[in-house]
Each structure stands twice: as structure tokens, then as C-alpha cells.
Amino acid sequence: MDNRTNLDDYLAGLGISDADEQELPPPAPETAPSAAPALEAAHEAPVVTLERFLRGLVARIDPSLSVTVQDAGEALEAEITGEHAARLAGRDGRTLGAIEVLAYTVLAKQDGRGELRVRVDVGGFRKRQAETLTRLAERLAVQVAKSGESHEMQPMPAAERRVIHIALKEHPDVMSESVGEGQSRRLVIRPRHG
């Protein structure tokens with residue numbers, strides 16, 4: 001167990017230090033700081049804030065990656081692309097999930113209300129994951145419709161449950177619902193008739 005309590009000491013132990021910041025590439029012209037950054041940030045559009053944050057983050061990881069952000073109405077959607085972008089997803093999308101949490105936190109702090117939703121994809125990871133979950137939902141729907149018995153899935157994040165709910169929303173024979181609380185929340189697929 002590491003007993004270091006100082007973040008700077010811990011990062012230095014990982015080979016990350018303040019000297020590394022001096023080696024960063026200069027920010028792109030559109031992200032250069034203005035004369036009054038605090039005032040500007042307070043009135044900055046959430047899309048710009050998210051894009052600025054993600055560009056700064058990926059510049060530290062892999063400067064060859066690029067970021068695009070768009071407002072999709074119910075959420076801000078960001079896509080990180082590049083030759084090695086898929087590596088940012090991490091095992092089972094955990095790193096990508098952490099990036100989303102950080103992005104949401106930055107936006108909530110700027111916005112003050114925390115009402116914005118953020119979805120970040122790297123190298124098409126989320127898209128592939130959604131396709132896999134949709135196929136799984138369709139297979140399970142057939143199984144539940146044939147057997148007439150409910151199927152309870154393992155606990156999963158809200159974003160993954162949402163994909164399955166959407167996939168089964170209009171299914172004539174089955175319905176889905178989330179049960180449980182917190183990290184134990186899971187999805188149950190039930191026959192519609194009973």
C-alpha cells in the first residue's frame with residue numbers, strides 16, 4: 001500500500017512531474033487563453049468548455065488525437081479520434097467512464113446547475129458497445145418470449161441499461177425495467193403479457 005498523501009509526490013513516483021508540463025505542445029490557436037479567462041469561462045458555451053477541457057486532456061496523453069464536440073439536444077456528445085484513440089477506452093471502458101465523469105464535473109462547475117449530460121466516445125468504442133448490447137437485447141428478448149420467464153441481467157452502468165431499454169422499447173413480446181439501487185442496479189427483461 002502506498003502511504004504517500006501528497007498528490008505531487010505520488011505523481012512524481014509515477015514519473016509525472018511539473019517539468020512534464022513544460023514539454024507540452026503549445027495549445028491550438030482556438031484554445032489559446034484570452035486576456036480575461038475567468039470572465040470568459042463564466043460566459044462560455046458548454047460546448048466550448050467541453051471541447052477546451054478534452055483537447056487539453058488528450059494533448060497530455062497523445063497530441064495526435066483530435067476532439068470534436070456537438071450539442072445533441074439532450075446531451076453534449078464528444079468524439080476523440082486518432083490512430084490510437086481506442087486505447088483511451090481502457091479495460092471495459094473504465095478510463096472512458098472516468099473521462100466522462102471529469103468532463104461532467106468541469107461542465108457542472110462552469111454551469112453551476114449540473115443539468116448537462118455528457119457522452120464521450122473514443123475510437124468508436126461506445127458505438128461498438130451499443131451495437132453489441134442491442135444484439136444481446138434482441139437475443140434475450142427472443143429467449144424470454146419463448147420461455148415466458150423473466151431474465152435478470154448482471155448489474156451494469158446506466159448508459160448500458162439505457163441502450164437495452166431503447167432496443168426493447170417497441171418490442172411486441174417483452175419489456176425491460178431497471179431494479180435495484182446504486183452499483184447493484186440491473187436490468188430485467190420480462191414477457192409483456194405477464
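Colleague: Why are α4 and α5 called oblique to each other?

Modeller: Helix α4 (residues 46-61) and helix α5 (residues 94-111) pack at an angle of about 135°. Angles under 35 degrees count as roughly parallel, over 145 as roughly antiparallel, 65 to 115 as roughly perpendicular and the rest as oblique, so α4 and α5 are oblique. Do keep in mind that this is a predicted model, where local features need pLDDT of at least 70 and side-chain atom pairs count only at pLDDT 80 or more. Residues are numbered from 1 along each chain, and side-chain values use heavy atoms, without hydrogens and water.

Colleague: Which residues in α4 meet α5?

Modeller: Among them are Phe-53 and Leu-57 in α4, and the α5 side includes Leu-102 and Val-106; contact means heavy atoms within 4.5 Å. By class, this contact of α4 with α5 has 10 nonpolar, 2 polar and no charged residues.

Colleague: How do you know that the span of helix α6 agrees with its 23 residues?

Modeller: The expected span is 1.5 Å times one less than the number of residues. For α6 (residues 125-147) that should be 33 Å, and the end C-alpha atoms are 33 Å apart, so the two agree.

Colleague: What makes Gly-124 count as buried?

Modeller: Buried means under 20% relative accessible area, with a 1.4 Å probe and protein chains only (exposed is over 50%, partly exposed in between). Gly-124 has 16% relative accessibility, so Gly-124 counts as buried. Gly-124 sits in the loop between β3 and α6.

Colleague: Which residues are buried in α6?

Modeller: They include Phe-125, Leu-133 and Val-144. The buried residues of α6 pack against several elements, including α5, β3 (118-122) and α7 (158-168).

Technical notes. Axes are lines fitted to C-alpha atoms, for helices over the stretch in contact, and angles run from 0 to 180 degrees between N-to-C directions. Helices (H or I, at least four residues) and strands (E, at least two) are DSSP runs, numbered from the N terminus. Ala, Val, Leu, Ile, Met, Phe, Trp, Tyr, Cys and Pro count as nonpolar, Asp, Glu, Lys and Arg as charged, and the others, Gly among them, as polar.
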